[in-house]
Amino acid sequence: MTSGVEGDMESGEGVSNVRNNMFKDWCGQFRSSNPSMARYVYGLLFLVANLLAWAARDYGHGPLTELERFKGCHGTKDCFGTEGVLRVSLGCFTFFIIMFLSTMGTKKLHVARDLWHSGWWSIKIILLIALTAIPFLVPAPFILLYGEIAHFGAGVFLLIQLISVISFIKWLNDCCESDKYSEKCHIHVMLLATTAYLVCIVGIILMYIWYVPEPSCLLNIFFITWTLVLLQLMTSVSLHPKVNAGFLTPGLMGLYVVFICWCAIRSEPAGGRCNRKAEASNHTDWLTIISFVIALLAMVIATFSTGIDSQCFQFKKNDSKSEDDVPYGYGFFHFVFATGAMYFAMLLIGWNTHHPMKKWTIDVGWTSTWVRIVNEWLAVCVYLWMLVAPMLWKWREFGGIP
């Protein structure tokens with residue numbers, strides 16, 4: 001009987017030791033130079049900065065009014081919320097710009113800049129906290145100037161994200177059309193392309209139903225109809241005999257532009273008769289809170305996925321990589337997060353430093369709507385250029401253009 005108890009105790013201790021060893025190994029990932037684990041830590045820090053900016057906007061009116069530096073707001077709570085977001089954004093931006101300057105050009109593992117990128121977390125966390133606190137001591141005019149500059153930084157982020165998405169779609173299409181997978185993926189490509197087009201059509205129909213309740217909603221009619229025209233244009237150019245890019249890429253790009261159009265119309269402020277869903281979501285409920293959390297997480301994930309996609313911005317592809325090469329571009333990674341810090345500020349203030357934002361809302365306002373629409377049109381232009389440019393270069397090479 002005693003031996004049985006001792007056996008149970010030994011087995012329990014064995015399980016405990018295994019768990020302790022697993023925990024130590026997991027913690028060791030952060031102490032050692034592990035760039036794959038480091039990017040998740042940076043993503044977590046970025047998420048914390050987003051949550052802090054949101055808290056400063058929605059719940060920081062009381063503490064912020066105690067700061068003498070905020071006297072330029074004249075006691076308006078919307079000004080306090082906007083400046084709180086911009087101050088947190090400035091601290092996050094400064095941190096990632098410092099990381100960008102100190103890690104750009106890193107090519108090999110286990111060098112000083114690699115160790116700085118993948119380790120020294122205690123120092124970097126203290127640095128981030130200090131850089132987040134310092135902007136709250138900066139005069140209001142400087143913060144508003146940063147808010148104007150952040151418009152351009154957020155635009156750079158959207159452009160980088162756009163090129164990353166298009167490059168992924170092109171990579172997926174090239175992979176499916178390669179000699180290795182062309183026969184295996186033929187049916188899958190047709191099913192995926194057909195599904196993409198069906199979702200696009202259903203999405204456009206639903207937008208007409210939800211956001212065009214009256215014939216007088218001319219702006220929404222224009223947005224949705226023009227998205228349908230752009231979908232047809234992308235398909236026609238892609239299927240042109242001299243381009244011959246197939247159905248998959250325009251179908252996936254169609255999903256992207258339809259999604260952007262939907263986001264743009266949803267960004268229209270409540271109060272208009274053409275956006276009744278915005279009016280219905282004017283009251284804070286569990287669905288509004290869930291939508292806000294999903295939007296915030298989606299923005300963080302988009303920043304993270306774009307940051308590790310530095311390959312699409314390399315003019316010369318390096319297929320032969322050695323074991324000691326870095327797995328992704330550290331400088332590009334931090335630059336994307338720096339512009340992402342400006343982007344989340346614009347989302348939380350509606351791209352307008354003088355625009356009041358309600359609690360649990362994100363990216364709402366006419367400025368946000370037009371930013372989304374312009375982003376949609378730019379996406380189509382970039383995609384069409386990527387299709388047509390190779391044909392133009394070949395034409396010029398053979399003397400078609402003087």
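Leaving aside neighbours within four places in sequence, which residues is Tyr343 in contact with? The legends below take this up, starting with the whole chain.

**View 1. The chain holds 14 helices and zero strands.** This is a predicted model, in which local features need pLDDT of at least 70, side-chain atom pairs count only at pLDDT 80 or more, and totals for chains, interfaces and linings use all residues. Residues are numbered from 1 along each chain as its sequence is written, and side-chain values use heavy atoms, with hydrogens and water left out. Helices (H or I, at least four residues) and strands (E, at least two) are DSSP runs, numbered from the N terminus. Along the sequence the pattern reads α-α-α-α-α-α-α-α-α-α-α-α-α-α. Of 402 residues, 44% count as buried (under 20% relative accessible area, with exposed over 50% and partly exposed in between; 1.4 Å probe, protein chains only). Contact means heavy atoms within 4.5 Å. Among contacts with a separation of 6 or more, 77% join residues 24 or more positions apart.

**View 2. Tyr343 is in contact with Ala154, Phe157, Leu158, Met299, Trp351 and Arg372, leaving aside its neighbours within four places in sequence.** Tyr343 also belongs to the largest nonpolar core, which has 57 residues. Such a core is a set of buried Ala, Val, Leu, Ile, Met, Phe, Trp, Tyr and Cys residues joined through side-chain atoms within 4.5 Å. Tyr42, Phe46, Phe96, Tyr343, Phe344 and Met346 touch the most other members. Helices H2 (35-59), H4, H6 (121-133), H7 (140-177), H12 (286-307) and H13 (330-349) each supply at least two residues of this core. The largest share, 15 residues, comes from H13. Apart from this core lies another, of 42 residues, among them Leu162, Val212, Phe223 and Val258.

**View 3. H7 packs on H13 at about 125 degrees, with the axes 7 Å apart.** H7 is therefore oblique to H13. Axes are lines fitted to C-alpha atoms, for helices over the stretch in contact, and angles run from 0 to 180 degrees between N-to-C directions. Angles under 35 degrees count as roughly parallel, over 145 as roughly antiparallel, 65 to 115 as roughly perpendicular and the rest as oblique. The crossing is left-handed (near helix turned anticlockwise from the far one by less than a right angle; clockwise is right-handed). H7 residues in the contact include Gly147, Ala154 and Phe157, and those of H13 include Phe335, Gly340 and Tyr343. By class, the contact has 14 nonpolar, five polar and no charged residues. Ala, Val, Leu, Ile, Met, Phe, Trp, Tyr, Cys and Pro count as nonpolar, Asp, Glu, Lys and Arg as charged, and the others, Gly among them, as polar.

**View 4. H2 and H13 cross at roughly 15 degrees, their axes coming within 11 Å.** The two helices are therefore roughly parallel. Their crossing is right-handed. Among the residues that meet are Tyr42, Phe46 and Asn50 in H2, and Phe337, Phe344 and Leu348 in H13. This contact has twelve nonpolar, four polar and two charged residues.

**View 5. Asn50 is found in helix H2.** Asn50 is buried, at a relative accessible area of 0%. Beyond its neighbours within four places in sequence, Asn50 is in contact with Leu296, Met299, Val300, Phe344 and Leu348.

**View 6. Gly84 has its place in helix H4 (residues 77-103).** Gly84 counts as buried because its relative accessibility is 0%. Gly84 and Gly60 are 24 residues apart in sequence and 7.4 Å apart in space, C-alpha to C-alpha.
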